[in-house]
Amino acid sequence: MDTSFLLLAVLAFTWCSFAIASDHSPLQDFCVALPNSPVKFGTHYTIPTMYCVAVLVNGVACKDPKLAQADDFFFTGLHKPGNTSNPVGSKVTPVNVAQIPGLNTLGISMVRIDYARWGINPPHTHPRATEILTVLEGTLYVGFVTSNPDNRLITKVLHKGDVFVFPEGLIHFQRNAGYGNAVAIAALSSQNPGVITIANAVFGSNPAVSDDILAKAFRVDKKVVDYLQSQF
Ligand SMILES: *[C@@H]1O[C@H](CO)[C@@H](O)[C@H](O)[C@H]1NC(C)=O
């Protein structure tokens, strides 16, 4: 095999498997994600090496900038309430690079969150983004927990027009604390913030985390763990 090809292949592999916690600053005006390119970030995926070398920027292939259209930067539908008929009574409608290909490399995205009466957005983290949230309707009790060893809970009751920040990576939640539905809009500092819902990840993983590990970690009987695992 030709040496320069080998070097290129090694370089390509390094480029493809390089993982970062937050989005890079863009190096060009925009890089509209091509529809068939892998929009699965935060995971190591395998794609043909030469394809990767040629066009991948921040994880996806870019459309030729001359062919970019207004619709590459557009989404409609955030006026529609999400369906909150589910066990937690909330619904997140995401608008990230999966919905707007033009967001690729730009390090920002948005969500609409609907809350039924007493609905919660359960404790979760965004591994790649800080979140700034504003209440459009209703009242929310919100909070986040600082990292070890303090694990301090910081909470606030928010009313219409209030704004609150959830720092990158920290576990946070919202609960509808009003008498009707609540609606919030949040911006996140990643084109693909990622979500780890704590209960689902810990008790609903596939395959399941061994119940003796979880029993020890949570200092409960295995039966309690088995019950919790059966709920997910
Ligand atoms: C909302 O979701 C529930 C549960 O999945 C479903 O039964 C219901 O039809 C949905 N409602 C609407 C308006 O889509």
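The structure is a predicted model. Its secondary structure consists of 5 helices and 12 strands. The protein has 232 residues, and 34% of them are buried.

**Overall make-up**

- Among contacts between residues at least 6 apart in sequence, 72% join residues at least 24 apart.

**Salt bridges**

- Side chains of opposite charge can pair when their charged atoms come close.
- D72 has 10% relative accessibility, so D72 counts as buried because the cut-off for buried is under 20%.
- K63 has 22% relative accessibility and therefore counts as partly exposed.
- R112 pairs with D114 in another salt bridge, where the closest N and O atoms are 2.8 Å apart.
- Both R112 and D114 are buried.
- K160 and E137 also meet through their side chains in a salt bridge, at 3.3 Å from N to O.
- This pair joins distant parts of the chain, since K160 and E137 are 23 residues apart.
- K160 lies in the loop between β8 (153-158) and β9 (163-166), whereas E137 belongs to strand β6 (residues 131-137).
- K160 has 54% relative accessibility and so counts as exposed, the cut-off being over 50%.
- E137, at 40% relative accessibility, counts as partly exposed.

**Helices α4 and α5**

- Two packed helices are described by the angle between their axes and the distance between the axes.
- Helix α4 covers residues 211-218 and helix α5 covers residues 222-230; their axes come within 8 Å and cross at roughly 110°.
- The two helices are therefore roughly perpendicular, because angles of 65 to 115 degrees count as such.
- The crossing of α4 past α5 is right-handed.
- On the α4 side, the residues in contact are D211, D212, L214 and A215.
- On the α5 side, they meet K222, V225, D226 and Q229.
- The residues of this contact divide into 3 nonpolar, 1 polar and 4 charged.

Key: Residues are numbered from 1 along each chain as its sequence is written. This is a predicted model: local features need pLDDT of at least 70, side-chain atom pairs count only at pLDDT 80 or more; totals for chains, interfaces and linings use all residues. Side-chain values use heavy atoms; hydrogens and water are left out. Axes are lines fitted to C-alpha atoms, for helices over the stretch in contact, and angles run from 0 to 180 degrees between N-to-C directions. Helices (H or I, at least four residues) and strands (E, at least two) are DSSP runs, numbered from the N terminus. Angles under 35 degrees count as roughly parallel, over 145 as roughly antiparallel, 65 to 115 as roughly perpendicular and the rest as oblique. A crossing is left-handed if the near helix is turned anticlockwise from the far one by less than a right angle, and right-handed if clockwise. Contact means heavy atoms within 4.5 Å. Ala, Val, Leu, Ile, Met, Phe, Trp, Tyr, Cys and Pro count as nonpolar, Asp, Glu, Lys and Arg as charged, and the others, Gly among them, as polar. Buried means under 20% relative accessible area, exposed over 50%, partly exposed in between (1.4 Å probe, protein chains only). A salt bridge is a side-chain nitrogen of Lys or Arg within 4 Å of a carboxyl oxygen of Asp or Glu.
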